[in-house]
Amino acid sequence: MLIGELSRRTGVSRRLLRYYEQQGLLTARRGSNGYRAYDEDAVLTVHQVRGLLEAGLSTEVIRDVLPCVRGEQPHFEWCADLRSTLARELTATDDRIATLQRRRETLADYLSRP
């Protein structure tokens with residue numbers, strides 16, 4: 001399928017699909033006319049990428065974990081190092097939350113002063 005069809009079927013812009021391809025998350029063949037052609041499984045791959053992005057993973061991390069992803073939800077096949085990668089990402093997310101909580105408390109303190 002061409003990029004326009006993939007965009008229509010996934011709700012993801014052409015620009016973003018090209019970005020996913022640049023990041024190594026999506027592959028396309030090039031026809032003799034230079035147009036990108038995607039296999040049917042590209043629809044599932046885009047849904048998987050979107051789900052992993054919603055979980056806060058970077059495209060770099062997604063590139064590493066995508067081979068272990070199954071289904072649209074996504075579900076994982078526990079490949080080597082996948083648990084440690086996701087645990088590391090969870091710790092980083094917890095750290096960001098703690099930082100935001102401290103910032104919020106500081107701002108709330110400023111607002112509570114006369």
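Visitor: Where does aspartate 81 lie?
Guide: Aspartate 81 lies in the loop between strand 4 and helix 5 (82–112). Helices (H or I, at least four residues) and strands (E, at least two) are DSSP runs, numbered from the N terminus. This is a predicted model: local features need pLDDT of at least 70, side-chain atom pairs need 80 or more, and totals for chains, interfaces and linings use all residues. Residues are numbered from 1 along each chain as its sequence is written, and side-chain values use heavy atoms, without hydrogens or water.

Visitor: Is aspartate 81 buried or exposed?
Guide: Aspartate 81 counts as exposed, because its relative accessibility is 59%. The cut-offs are under 20% for buried, over 50% for exposed, and partly exposed in between (1.4 Å probe, protein chains only).

Visitor: What about phi of aspartate 81?
Guide: Phi is near 70° there, a positive value in a residue other than glycine.

Visitor: New topic. At what angle do helix 1 and helix 3 pack?
Guide: About 50°, with the axes of helix 1 (residues 3–10) and helix 3 (residues 42–54) 10 Å apart. Axes are lines fitted to C-alpha atoms, for helices over the stretch in contact, and angles run from 0 to 180 degrees between N-to-C directions.

Visitor: Which residues make the contact?
Guide: Leu6, Arg9 and Thr10 of helix 1 meet Ala42, Val43, Val46 and His47 of helix 3. Contact means heavy atoms within 4.5 Å.

Visitor: And where is confidence lowest in the protein chain?
Guide: In strand 4 (residues 75–76), at a mean of 84. Confidence is highest in helix 2 (residues 14–22), at 97. The chain's mean pLDDT (the predictor's confidence in each residue, from 0 to 100) is 94.
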